[in-house]
Amino acid sequence: MQTKENQENFTIHTLESAPEKSIELLEKSKKTNGYVPNLHGVLAESPELLEAYQQLHGHFTASSLNKDELTVVWQTINVAHECHYCVPAHTAIAKAMKVEDRITEALRNGTELPTKKLETLRSVTLAMVRKRGNLKKENLTEFYSVGYGQQQLLEIVLGLAQKTISNYTNHLAHTPMDEAFQKFEWRK
């Protein structure tokens, strides 16, 4: 099979074209998703980066955050970074995780979330992105007042590490949208 290349000449690797160290990682992606997402195909150029991304994803989804909270962290970062690929991808992921559409739509559109706790999570996540982790005491007080603790604060850092890999890679590569995500296209 031929490799697909996008407009910036980043190769979207397939199982046939990937560097040897990436083949097993792409097989894992295919087993998990039913296909190799274009992002994973781009990341495969650097087996270490693809492996780091997969590991961070596994660690973040195993964190103490529930499916709604994972979605809030992911999508807050995706929207803040204006990621054309990850906002639609995580819309599809949220649907698969059975996250309420009103949560997903509020995150995509920057409107109010249904609970104070989720809104606080978004606010603190956004402050982490914008302030590079230099949060004000008010941010922390609000975060802790709705029931989150230091563990969840550090888990936002974990989600941010994962999303920085995917968002920045997609900006560099102009990763084309997978067919499964096209119906959830998003622009800021």
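I began with a pair of charged residues: Glu100 and Arg102 form a salt bridge, and their closest N and O atoms are 2.6 Å apart. Keep in mind that this is a predicted model. I checked the cover on each partner. Glu100 has a relative accessible area of 40%, so I noted it as partly exposed. Arg102 comes out at 53%, so it goes down as exposed.

Next I turned to Asp101, which makes a salt bridge with Lys95. Here the closest N and O atoms lie 2.7 Å apart. Asp101 is partly exposed because its relative accessible area is 43%. Lys95 is partly exposed too, at 36%.

How many salt bridges does the structure hold? I find 6. Another one of them joins Arg187 to Glu185, with 3.8 Å between the closest N and O atoms. Arg187 is exposed, at 58% relative accessibility.

I placed Lys136 in the loop that runs between helix H7 (116–131) and helix H8 (137–145). With 49% relative accessibility, Lys136 counts as partly exposed.

Last entry: Arg122, which I located in helix H7. Is Arg122 buried or exposed? Its relative accessibility is 10%, and since buried means under 20%, Arg122 counts as buried. I also listed its contacts, leaving aside neighbours within four places in sequence: Val72, Thr76, Ala106, Leu107, Gly110, Thr111, Glu112 and Leu113.

Conventions
Residues are numbered from 1 along each chain as its sequence is written. This is a predicted model: local features need pLDDT of at least 70, side-chain atom pairs count only at pLDDT 80 or more; totals for chains, interfaces and linings use all residues. Side-chain values use heavy atoms; hydrogens and water are left out. Helices (H or I, at least four residues) and strands (E, at least two) are DSSP runs, numbered from the N terminus. Buried means under 20% relative accessible area, exposed over 50%, partly exposed in between (1.4 Å probe, protein chains only). Contact means heavy atoms within 4.5 Å. A salt bridge is a side-chain nitrogen of Lys or Arg within 4 Å of a carboxyl oxygen of Asp or Glu.
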